Amino acid sequence: MNDLAHQRTTIRSYEDRYLRFLTKAGFAFRSGIGGVIPNGWTTIEQAEWMASVAAISEDDLLLDIGAGRGWPGSLIAKETGARLVSVDVPLEALRQGAEDLCKKLGPRVLQVCGDGRILPIGDAHFSAVCQADVLC
Amino acid sequence: MLRECRRVLKKGGRLVVVTIEIAEGLSAAQRGRAIQLGPEDLGTGGPLRDLVAQSGFEVVIERDLTEDFRVSLLDRLDALDQNETALRRAEGHEMVDTEREKRTDMLTAVQEGMLRRTALVGLAS
């Protein structure tokens, strides 16, 4: 498989993760475990800890890489008052998270479809970067 | 990806990262088993602490979240049990069976000390 084909397969696999458990039964299952399915493991306590150690405030810009639907960046931004750029590859994840992010952060959030390995962002732009389970 | 994080961060900015990784001090066979049982995209490049340090950060905090991860896996399997009948009807047998198999595998790897979940804070130097 060449690089491009491999990349397409990988992106499709990421998209597929967000197409699981979208039925009523799937939602009940997700709600029972904090709604973190399909591939997130960060608990509320851990996200609050991340906010406490990020050392940012309302004047700062936070980048969440591999953000999926927006967790845990949304909580960190909410707790600290920072503005948030939420980046991930699967458009389906961004679509599913858009409404909730807007509700929580309003104009303080921007979603970007992008790959964390080649960010479409200039140098020295952010005060903090968070990522949860992206390297695994 | 960590080098990209450093590039877009201001000097003195913070990287806050949480990830599942292969435990340290394993034999080659155990590492192979960790990769087999772990998440599909499990990193194999080395301890997170070293990768972060090599990418231009000073590691200032490290926290072991493995026990929380073990509890989360048990919670997820429990939620699967509780919703199994409805899930099988709505999502199909394959989806449920795959979910159970993956989470059970990961739990096994955690319980056998082959996978850990680590939180780390790096200061952009």
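Visitor: How many helices and strands are there in chain A?
Guide: This is a predicted model, in which local features need pLDDT of at least 70 and side-chain atom pairs count only at pLDDT 80 or more, while totals for chains, interfaces and linings use all residues. Residues are numbered from 1 along each chain as its sequence is written, and chains are lettered from A and ligands numbered from 1 in the order in which they are written. Helices (H or I, at least four residues) and strands (E, at least two) are DSSP runs, numbered from the N terminus. Chain A follows the pattern α-α-α-β-α-β-α-β-β along its sequence, and there are five helices and four strands.

Visitor: At what angle do helix H3 and helix H4 of chain A pack?
Guide: Helix H3 covers residues 44-53 and helix H4 covers residues 73-80 of chain A. Their axes, lines fitted to C-alpha atoms over the stretch in contact, are 9 Å apart, and the helices pack at an angle of about 50°.

Visitor: Which residues in H4(A) meet H3(A)?
Guide: Two residues are in contact if their C-beta atoms, placed from the backbone, lie within 7 Å. From H3(A) come A:Ala47, A:Glu48, A:Met50 and A:Ala51. In H4(A) they meet A:Leu75, A:Ile76, A:Glu79 and A:Thr80.

Visitor: How many residues of strand E3 of chain B are buried?
Guide: A residue is buried if 20 or more other C-beta atoms lie within 10 Å of its own. Strand E3, residues 115-124 of chain B, is mostly covered. Of its 10 residues, the number buried is nine.

Visitor: How many bridges join E1(B) to E3(B), and how many pair E2(B) with E3(B)?
Guide: Two strands pair if DSSP finds at least two bridges between them. E1(B), residues 9-22, runs antiparallel to E3(B), and B:Leu15 stands opposite B:Gly122. E2(B), residues 57-64, also pairs with E3(B) in the antiparallel sense, and here B:Glu58 stands opposite B:Leu123. The bridges number nine for E1(B) with E3(B) and, for E2(B) with E3(B), seven.

Visitor: Which element gives the largest share of the side of chain B that touches chain A?
Guide: In all, 41 residues of chain B are in contact with 38 residues of chain A. The elements of chain B that give two or more residues to this side include helix H1 (2-8), helix H4 (66-82) and E3. The largest share, 11 residues, comes from E1(B).

Visitor: In which sense do strand E4 of chain A and E1(B) pair?
Guide: Strand E4 covers residues 126-132 of chain A. A:Cys130 stands opposite B:Val16 in E1(B). Over six bridges, the two strands pair in a sense that is parallel.

Methods. Axes fitted to C-alpha atoms, helices over the stretch in contact; angles between N-to-C directions. Buried ≥ 20, exposed ≤ 12 C-beta atoms within 10 Å, placed from the backbone.
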